[in-house]
Amino acid sequence: MNKPYRQNVRSFPFEKPALLTWAILLFAVPCPAEDFQITNPVMDVLVDGTSGAVGRIIELKSGRVIARGIADAYRKENLEETVLADEADDRVLAVVRPSENHLLLTCENPSLPGLQILKEYFFDEHLQSLVKEISFTSSAEAGVFIVHYTQAHLDPEYRKDGFYSRMWKFPGMYVKADE
């Protein structure tokens with residue numbers, strides 16, 4: 001039953017028509033209650049089936065948990081108000097799995113009515129790293145401004161002498177990780 005939806009959801013990066021098409025298709029797929037797992041040769045990632053947040057990441061070579069969660073927060077602003085929301089309150093509405101290690105989630109947050117949160121998880125082929133792309137669609141007629149924050153809860157030993165860098169799409173400077 002999911003095969004037609006998998007074949008129709010492969011045009012990235014998203015453009016507005018693709019976003020609308022993807023959102024319409026996703027509502028037709030029933031949403032399971034269990035967590036999702038995606039794995040590559042470097043890591044095993046568990047994504048919470050209720051909120052769509054990363055629950056944990058295990059480094060396969062050592063078997064240790066390197067992240068005990070990656071938490072997002074949102075700030076939505078318009079002319080009338082500013083609303084803060086937490087990813088823990090997100091609810092997965094629909095799921096598409098184009099492949100075993102590629103996950104597309106449509107979510108909503110009760111603190112952000114009229115806003116749909118689209119989350120995509122996959123692995124970067126060259127860096128073997130987890131990529132989470134997030135986008136928002138709004139049913140509001142007036143414009144809204146969204147600020148998205150992410151906080152990773154990394155194992156202190158894994159962070160030691162590490163470097164933070166921007167994603168490969170957005171080149172930037174390396175910044176020494178705080179200990």
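This short talk walks through salt bridges in a predicted model.

Some ground rules to start. Residues are numbered from 1 along each chain as its sequence is written, and side-chain values use heavy atoms, with hydrogens and water left out. Local features need pLDDT of at least 70, side-chain atom pairs count only at pLDDT 80 or more, and totals for chains, interfaces and linings use all residues.

How many salt bridges does a search of the whole structure find? Seven. By salt bridge I mean a side-chain nitrogen of Lys or Arg within 4 Å of a carboxyl oxygen of Asp or Glu.

Take R56 and D44. Their side chains meet at 3.0 Å, N to O. R56 sits in strand β3 (residues 54-59) and D44 in strand β2 (residues 43-47), 12 residues apart. Strands here are DSSP E runs of at least two residues, numbered from the N terminus. D44 is buried at 6% relative accessibility; R56, at 23%, is partly exposed. Buried means under 20% relative accessible area, exposed over 50%, partly exposed in between, with a 1.4 Å probe and protein chains only.

Next, E59 and R64. This salt bridge spans 3.2 Å, N to O. R64 is partly exposed, at 32%.

Now D72 and K132. Their closest N and O atoms are 2.6 Å apart. D72 lies in strand β4 (residues 65-77) and K132 in strand β9 (residues 130-138), so the pair ties together parts 60 residues apart in sequence. Buried or partly exposed, which is D72? Buried, at 2%. K132 is partly exposed, at 24%.

Shared partners join D72, E87, D90, K119 and K132 into one salt-bridge network.

Notes: Helix = DSSP H or I, 4+ residues; strand = E, 2+ residues; numbered from the N terminus.
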